[in-house]
Amino acid sequence: MSMRAVVLDAPGESDWERDLVWRMGQATAEDTARGVMFKGTLEAVRGLGDESAMRGCVEASGEEHFVDAFRYPIRSLLRMLACAARQLAPRYGGGEEALRELGRRTNADYLSSPLGRVVKVLTHGSPRRMMESAPDIHRQTMSFGELSVEWTGLSSGRVVRRGDFLPAACQEGVLEALLCATGGRRIRVKREWVDGLDGGFAFAWE
């Protein structure tokens with residue numbers, strides 16, 4: 001479904017907020033994410049040093065606590081992301097940049113988990129191997145969508161995501177974190193196109 005189907009503007013809402021509301025509306029009860037994705041978001045908000053802000057994000061999610069390996073509704077994560085992005089927007093220069101940082105933090109937390117550490121070991125510190133593992137990481141952490149990687153060079157390629165509820169800015173941050181975790185330098189991730197829940201993202205490193 002195209003983003004042209006996005007809901008009518010609500011007073012005071014920005015583009016990224018409308019996008020999140022639209023994505024929530026597309027999700028079903030079967031669309032889930034593992035608890036580790038939530039915990040990374042909360043850690044980013046914790047960095048503000050404001051416990052009330054973090055509690056507000058938990059309340060916004062509609063959940064009480066999170067276990068890394070358990071699955072929770074993606075709608076809950078999207079509600080938490082919306083709350084967290086509002087809190088972090090002043091620090092990062094806007095909601096889009098805040099969502100990108102949340103994507104980085106969320107993936108960094110996954111890579112620090114027992115499952116994520118196994119992935120890092122198997123990739124032997126190679127950005128290319130890490131990107132080749134990206135489809136498996138997606139399947140481990142999300143119940144929805146598909147991710148594929150196309151190579152355009154030895155250290156450049158394109159990720160195509162289908163049926164992914166995460167905002168595009170978050171997806172960019174996730175890809176940056178994957179490359180950074182394996183020693184990629186001068187990392188570049190660029191959104192090429194987004195159509196509803198689908199999108200293409202070019203990446204490169206040195």
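**Entry 1: cysteines**

I looked up C170 and found this residue buried, with a relative accessible area of 2% (buried means under 20% relative accessible area, exposed over 50%, partly exposed in between, with a 1.4 Å probe and protein chains only). I note that this is a predicted model, in which local features need pLDDT of at least 70 and side-chain atom pairs count only at pLDDT 80 or more, while totals for chains, interfaces and linings use all residues. Residues are numbered from 1 along each chain as its sequence is written, and side-chain values use heavy atoms, with hydrogens and water left out.

I then searched the whole structure for disulfides and got zero (a disulfide is a pair of cysteine sulfur atoms within 2.5 Å). C57 is in no disulfide, and the nearest cysteine sulfur, that of C83, is 3.4 Å away. C57 counts as buried because its relative accessibility is 0%. C170 is in no disulfide either; for C170 the nearest cysteine sulfur belongs to C57, 13 Å away.

**Entry 2: the nonpolar core**

Which residues touch the most other members of the largest nonpolar core? I found I74, L77, L81, L99, L102 and L178, out of 55 residues in this core (a nonpolar core is a set of buried Ala, Val, Leu, Ile, Met, Phe, Trp, Tyr and Cys residues joined through side-chain atoms within 4.5 Å). Two or more residues come from each of α1 (15-26), α2, α3, α4, α5, α7, α8 (168-181) and β6 (helices, H or I of at least four residues, and strands, E of at least two, are DSSP runs numbered from the N terminus). α4 gives the most to this core, with ten residues. In soluble globular proteins, nonpolar side chains tend to be buried together.

I picked L81 for its contacts (contact means heavy atoms within 4.5 Å). Leaving aside neighbours within four places in sequence, L81 is in contact with T41, L99, L102, L166, P167 and C170.

**Entry 3: helix α2**

I looked up α2, residues 35-46, which has twelve residues. From first C-alpha to last, α2 reaches 17 Å, close to the 16 Å expected at 1.5 Å a residue (the expected span is 1.5 Å times one less than the number of residues).

**Entry 4**

I traced an open sheet of four strands in the order β3-β4-β6-β5, with antiparallel pairing (two strands pair if DSSP finds at least two bridges between them). β3 (146-153) and β5 (188-195) stand at the edges with a single partner strand each, so one side of each has no neighbour in the sheet. Neighbouring strands are turned by 20° against each other on average, direction ignored (axes are lines fitted to C-alpha atoms, for helices over the stretch in contact, and angles run from 0 to 180 degrees between N-to-C directions).

How many bridges join β5 to β6? I found seven, and the two strands run antiparallel. K190 has A202 in β6 as its bridge partner, and R188 stands opposite A204. β5 and β6 form a hairpin with two residues between them, and in the turn G196 has a positive phi of about 65°.

G153 lies in β3 and is partly exposed, with a relative accessible area of 29%. The C-alpha atoms of G153 and A204 are separated by 8.8 Å, though these residues are 51 residues apart along the chain.

**Entry 5: helix α7 and H138**

α7 lies across β3, β4 (156-162) and β6, at about 165° to β3. In this helix I looked up H138, which counts as buried at 5% relative accessibility. Not counting residues up to four places away in sequence, H138 touches F144, G145, E146, L147, R161 and D164.

**Entry 6: positive phi**

Most residues other than glycine have a negative phi. I noted H124, not a glycine, with a positive phi near 55°. H124 lies in the loop between α6 (114-123) and α7, and counts as exposed at 59% relative accessibility. R186 is not a glycine and has a positive phi of about 45°. R186 lies in the loop between α8 and β5. Buried or exposed? R186 counts as exposed, at 64% relative accessibility.
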